[in-house]
Amino acid sequence: MLPSCPFCHISLPSAELERHANNHFMEDELESDTELAIQIALAPPSPELMDETTNHRDLYAAHSERSPEQHDSNFNHNLPSSRKVKDHETSLLIGSQIKSTFYNVQGGLMALIRQCLELENGNTIAIVSGHVDHYQSNESEDIGWGCGWRNIQMLSSHLLVQRPDARDVMFGGSGFVPDILSLQRWLEIAWKRGFDTYGFDYFGQKIYGSKKWIGTTECATILRSFGLRARIVDFDSMTSKQPLNNGNHRCKLAGKQSHGPMDKFLQRTMNEDSQVGPSACDKHLPEKGCHHQGKNQGKIYGPQVLVDWVWKYFACGFDSRLDGSKSVLISEKTPLYLQHDGHSRTIVGIQMQKGKCASEHHYSLLVLDPAHRTAALERSLADNNGWQRLIKRGIHTLKKPQYQLCYVDPGIAHGVEMEQLKIIDSILVEL
């Protein structure tokens, strides 16, 4: 039988007992949170969790490299004064979340992509995001259901490296991308704080340890809970009247709620300019930097609308440099989480093959797919052999009637705006 603490009578191994007892004399409540994390880590996993997970048996089994005091300070600094109180569950997660493992490409996968794009022949120009790590689905962990979580990880890897302000607020300031179980806990905490209450109810107020599919809404919910301005754009051909079966993306509400193609509970507004969302391009930019189609050309329909939107999203801000001699440009825009019926991927850029006139330009989305093996991507890019079929997606591949994108605008929300972010809405673009 294990010895017990003389103060709280909790049974602990002898090696932990003295430190545990000393913690009763410490005034800082965060120390007790760390101790609680250790107790949970020492306890055997519950039968339910053992059945539903394989690699990591419990979220609390590992500890962050930074102190709980640092984590809690970083996470709470963006909250209103009334919320800067000890959140027991959040502090516990901050100190015990697990860093996700991934295949680390030496020099960075995006550097290899840029190199191969520059080596291509032809009159092309490509615009790509900066740093993005590829997170692949693992057969022993999330094959068949985890693509949504992997895309959140890819988007997070970009934000943590490219945006210091985001790094400070994401995941309690840990500075790393958490594993899927940890992300599931972050989503639950976001729900409990009032973000996406409809989704909270739809999932039965729990997702930790489950294999339920998630999508752009859950991505936006997690990021918005940190104060990040995550936005969703719906692309809908209006020909499909049935809910998009995306795992969780079914009809979550009935009645008078606004209907989106993938999330029926989303509050949507019609975008008058179907070529670009309201915050995807700065309004003060010259038209030349944001529009490659002539003003007098007719309205564009079908998947070309989505491709044009993506081009303008990445191209905004480059202005005259799009006509220069450089074939590859690095955008400050975040990657795009692309969702469609049955799967999701991350768009890390777009390439344009120039034609004689604007209407003859051809575009290829540049994507990272969680279903691909990172080692295979690295090998094909390093050898400059066969990488196009893994990375490029032309307009002819966009055959679904409905798509959804999630991206993150610059800046960190505070106060009233933070409260507004709790309602997950979207912009509707007709295909």
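# A tour of buried rings, helices and one glutamine

Begin by selecting Phe235, Trp309, Tyr313, Phe314 and Tyr407, which ring pairs join into a cluster; rings of Phe, Tyr and Trp (its six-membered ring) pair if their centres lie within 6.5 Å, and their planes count as stacked under 30 degrees apart, edge-to-face over 60 and tilted for the rest. The model is a predicted one, in which local features need pLDDT of at least 70 and side-chain atom pairs count only at pLDDT 80 or more, while totals for chains, interfaces and linings use all residues. Residues are numbered from 1 along each chain as its sequence is written, and side-chain values use heavy atoms, with hydrogens and water left out.

**Ring pairs.** A search of the whole structure gives 13 aromatic pairs. For Trp186 and Phe226, the ring centres are 5.3 Å apart and the planes stand at 75°, so this pair is edge-to-face. It links distant parts of the chain, 40 residues apart, with Trp186 in helix α9 and Phe226 in the loop between α11 (216-225) and β2 (228-236); helices (H or I, at least four residues) and strands (E, at least two) are DSSP runs, numbered from the N terminus. Both Trp186 and Phe226 are buried, where buried means under 20% relative accessible area, exposed over 50% and partly exposed in between (1.4 Å probe, protein chains only).

Trp309 is buried at a relative accessible area of 0%, and Tyr407 is buried at 1%.

**Helix α11.** Select α11 next: ten of its ten residues are buried, so this helix is largely enclosed by the rest of the structure. Among the buried residues are Glu218 and Arg224. Just after α11, Gly227 has a positive phi of about 95°.

**Helices α7 and α9.** Display helix α7 (residues 147-162) together with helix α9 (residues 180-192), which pack at an angle of about 85° with their axes 10 Å apart; the axes are lines fitted to C-alpha atoms, for helices over the stretch in contact, and angles run from 0 to 180 degrees between N-to-C directions. This makes α7 roughly perpendicular to α9, a label for angles of 65 to 115 degrees, whereas those under 35 count as roughly parallel, those over 145 as roughly antiparallel and the rest as oblique. Contact, meaning heavy atoms within 4.5 Å, is made by Trp149, Arg150, Ile152 and Gln153 of α7 and by Ile180, Leu183, Gln184 and Leu187 of α9.

**Gln351.** Finish at Gln351, which lies in strand β6 (residues 343-353) and counts as buried at 5% relative accessibility. Which side chains does the side chain of Gln351 reach by polar contact? One is Glu120, at 2.7 Å, and another is Lys392, at 2.7 Å; a polar contact is a pair of N or O atoms within 3.5 Å, of which, within protein, one must be able to donate a hydrogen and the other to accept it, and residues adjacent in sequence count only if both atoms are side-chain atoms.
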